Structure formats: structure tokens, C-alpha cells
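The sequence and structure come first.

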Amino acid sequence: MTVTSAPAQPQLDEAQLGTAQRELAQASRRPSTWYRDAVSCLHATIATVLAQHGHDPLEVLGTGWSFYHRPDDLPFEEFYWPVPDEDNLGHCLAPHHQLDISWHACSAPDRALSELAELLRQGLLPIAAVDNYHLPFRPAYHDVHAAHLIVVYGVDEYRDLVLVADPAPPGFNGPLANEAFLAATSSSNPADEQDAFFSETEIAGRFLVVRPDARLSALSPAEFGKALQANLDRFHDPAGAQQWSGLAGLRRYLDAIERAATIGDCQQVRRIYPFGWGVQAAAAVHGELLRTRGGQWRVPELIEAGRAVERVAHLWTGIRVSAAHNWHQPDQLGDSFARRGHQLLAAYHRALELTAGAIDKLS
Amino acid sequence: MPSDVLTQARRLRLVDLAAQLNNVAITPAEQRKSGACNVWGNSFSAAQMPDQPTITVAGIEFRTWHLRDAEPDNIRCAGQLIELPAGHYDWIHLIATGERRVEDELCLHFADHSADFEAVRVSDFWAAPAMFGETPALRSEAMHYPFHVQFGLAATAWHQRVPVTRRAALTGLRLPDNPALHVFALSLQPSPER
């Protein structure tokens, strides 16, 4: 990807422009947004950036599949994703591809635009954290405070505009006034009774930088099979319980939420809805990829495995939504979580068994 | 109305759900705070709903309730048992929607005290495509929020169907205990006469 860059435009009236250096940097083409109804803004914006770099977002974000939980994290942002200490978000989302994704924060509010412009000049599309309350294209505009992510593909201080892409419905892809953008990126995102899950977390000028390795290439069936086997090995790692990962970690998590509901621990139950979004999104994307590749490669077993993985995603709905509606009074949820947990674990086992069967057809 | 619809409509049994309705998913703009199709209080726009209680979707006739006001218009599923007009049926047709994609089970009860679990699959109502091959049944091009009306954001309820494989008289239907699933209407398609 190339960017255009014009730090000075002599034909413009200097008095009108003022003396301060103004930024003008934008991607050479407008990004095409990528979205699925099961994903959050995290997957949707990263996928949009990957597509802009010429990569297949579904493959990069969908090849890996795992379970991982960090019990001490507060997941109250739509884009929450648990990352182990010393690990990288890109590696967690795409363990079989070379993808580096890191969080940064603007060094100062008045440096935000120039720092984003500099990334654009490097050929990167930063993903900015925002408070939807300040964005005229979001349904929450002047209504609800809620943290969200959008892709930045241009900074134009001559027109006081930032070019942004928002893949989430209703969707937006175009210019936004600097004033609104800076209000959204510097918002304190105060507590909002309309949003118990994604408000009350300061935005603080944070942004993600996605650096895909230029050598990312489509996996062959055999490489894909190896990646799926690595997923299975991780799911079946008996050490997972201690690290809240894999099937053992999932079992521990399901036991923990059942216990939290039974003892009336509202705050633990409140975390289920935002934490579960990423888990649900990952299963939906992985399942879709398996189905798609199964069709392309004429491997019916892979289509079936993909559908079974998608079922896992869909079973997370019941857990997330019942938690969202009842977190204030969770004591009635214990039995329901126990039942849903058994059902979910069985669905994971079936998906993994079918995946194992499909791997044999890929070698 | 095409003749095949008329033929089908005569044979379908439209189930009376009025006593079970417990949730408001459709609101007039001035009563949008009553909406509860999801945890955010979103709802369909009543102004964009059919103005007749009996609607036909893909040749299947349904009885609906309160599509144009802020009274309960659907059953939010909590394990309710619905009594059905006893009969031999091939298909249970539903107008339903999901607060996110839903896969769950219905339990079908029969006159001979047998019972079968059958999968029910319903797509998300919030700006989402049909994931399970359903047909759109109710569609609002505007989404109601508690404090505003959002244009350009569609809400959809889907026509989905569930098979009745057992050749016995169906008498009842247990809905799943799943607050993400909303059922607006239910019609039974009889088996061909033997």
C-alpha cells in the first residue's frame, strides 16, 4: 500500500492556513470494509486493514482457534481480547500467520493527528479507539457513551478532516470533522446507564497498529491441516486448566461462571457478555473459514467441521444474552449456566472431533 | 393472492399465542422506550410493520399480534409449553428472531406421550443476513433506540421452519429456555392426508 503525502501546499493562502505545520496524509485508495454479524469491531477493523494490505481476512483471522481467559481482566470494551503477558495481540488472533498488532497511545492530544499521519505515511492504517457518543455516523451519537474501533485512512488538516472507515452497521466510510474525531478519541467515555458493558473505560487516545508480514500468503491444504492440528493440540493440552486455556480452561471458566451466578456475584456475571463476544466471534470466523475452504477444496468433512464450529459460536449466544439480561440478579442463572455449559462443551468436543477427521483429508 | 397460497392457507393451523406473549420487540416511535428486543432496548419500527394481523410469508400464512402498537408482540423464550391443536403435521413454521444468532432445541410433544427434540435455528435481528436459510418475514428499515430512531439500520424477523418427523399427533411444543430467541407467530402445516 502506498500513501500520498503533502506536508505543504504553496498554492494555498498561508494566512488562511496559519503558520503551524498541517498534516495531509492518506491511503492511496479507500478501504473496503469487512464485517460479519457475529464479530465485534476488533475483528471487523483488523480484517478491513488486512484486506487493504491485500490479504484474505477470513484466512488470517480464522485459521487459529483456541480458548483463553484472563480472570483478572476487566473486559468492558467491545474490542476486549485477552492477551497473555509478553504475547502480541496479532499472534493471539492469527497464530499461524506473521501478524503484529500492538496498542499505542498518542503522546499528547495535540499530537494525535500528526502521529496518525506519520503511520499513514509508513503505509499503515491505524485503528483508533473512539467513544461512539461523538461520532455522527454511529447510532449512539449524542445518545450513548460506548467504546468502539474505527479505521483511519486519512488525515487532512487543510480541511480539518480525518478519513475513517467503520465496518459496523450502519457503516461509514468517508470524512469526519477533526473536532468530532478528537472528541471521540480523547473521551473519558463516562459511565452510561444505557450501556453497562462498554462505557466507563477512558479512550485515552489509544490506537492499534496492524503490521502484517508482507510474505503472508494463502495456506495450502497441507499447511492448513497442520495449523488445524496445532489448534487441536492446544485445545487438548492438559496444562490448560491452570492457564485458563484450551478445553480444560474452558471447563474451568464454565464452572467459574456457574459458581459466580450461584453465589450472586453480579460483577463476575456482568463480565460474561463482553468477554464472550470475542470467543463467539472467533468461533464464527473459524467455522466460516473451514466451511469456505471445504467448499473450495471439495472436502465435505471440512464443511461439516466448520458448521460444527459455527454451532459453538451460536451456543455462546445463550450464555452471553442470559448473562446480559440477568447480571443484576444472577442467582437464578446457576442451573441455566450448568446446562448451557454441558451443551457448549459437548459442541466443542464434536467440532474438534470433526476437525480431526477433516485434517486427515487435507494431507 | 396466488392460488397455491390460498390452498396452503386453508390447510394451515394458525396457532393462538396471545396468552403467551411476554415481550415488546416492535414499538411506535413515540413509545420506543418500551422496546426490548435486545439488552440495549432496540426494537422494530411499528410504522413499517404490516397493518393486518394475518400475514403471508413465502406462501405460509401467520397470525401475529400487536405489530403496530407497543403491546407484547412476541414470546421471549423461557421454556414455555405451548398447547397446539392436535394433529398430524409435517412442518412447524415460525416467525422468529434472535438477539444474535440462535441455535437451540424445541421439544415436540405428541398425543401418545412420545416427545422429540428438534433443532431451531434463527438469525440475528440486528442488521444481519439470514445465516440459516430463512426468509425475511418482518423487516423494519429503521431501528428504534430508547432515545432516538436510527435510520439505515434494519431489524428483521425471520420465517424459519422445524420438521415434525414423527408420524403421530402433535399436541404441544416446549420452547427453549433461551432469552435470545423471540417467537412472533407459529403455524402448523398438516401432513398430506393418507
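The buried residues of H2(A) are A:Cys41, A:Leu42, A:His43, A:Ala44, A:Thr45, A:Ile46, A:Ala47, A:Thr48, A:Val49, A:Leu50 and A:Gln52. Buried means that 20 or more other C-beta atoms, placed from the backbone, lie within 10 Å of the residue's own. The model is predicted: local features need pLDDT of at least 70, side-chain atom pairs count only at pLDDT 80 or more, and totals for chains, interfaces and linings use all residues. Residues are numbered from 1 along each chain as its sequence is written, and chains are lettered from A and ligands numbered from 1 in the order in which they are written.

H2(A) spans residues 41-52 and reaches 16 Å from first C-alpha to last. Helices are DSSP runs (H or I, at least four residues), numbered from the N terminus. After H2(A) comes A:Gly54, with a positive phi near 90 degrees.

The axes of H9(A) (residues 246-262) and H13(A) (residues 333-360) come within 8 Å and cross at roughly 170 degrees. The two helices are therefore roughly antiparallel (angle over 145 degrees). Among the residues of H9(A) that meet H13(A) are A:Leu247 and A:Leu250; contact means C-beta atoms, placed from the backbone, within 7 Å.

Chain A gives 17 residues to the contact with chain B, and chain B gives 24 residues. Helix H12(A) (residues 300-326) supplies the largest share of the chain A side, nine residues.

| Contact | Nonpolar | Polar | Charged |
|---|---|---|---|
| H9(A) with H13(A) | eleven residues | three residues | two residues |

Ala, Val, Leu, Ile, Met, Phe, Trp, Tyr, Cys and Pro count as nonpolar, Asp, Glu, Lys and Arg as charged, and the others, Gly among them, as polar.

Notes: Expected span 1.5 Å × (residues − 1). Buried ≥ 20, exposed ≤ 12 C-beta atoms within 10 Å, placed from the backbone. Axes fitted to C-alpha atoms, helices over the stretch in contact; angles between N-to-C directions. Parallel < 35°, antiparallel > 145°, perpendicular 65-115°, else oblique. Contact = placed C-beta atoms within 7 Å.
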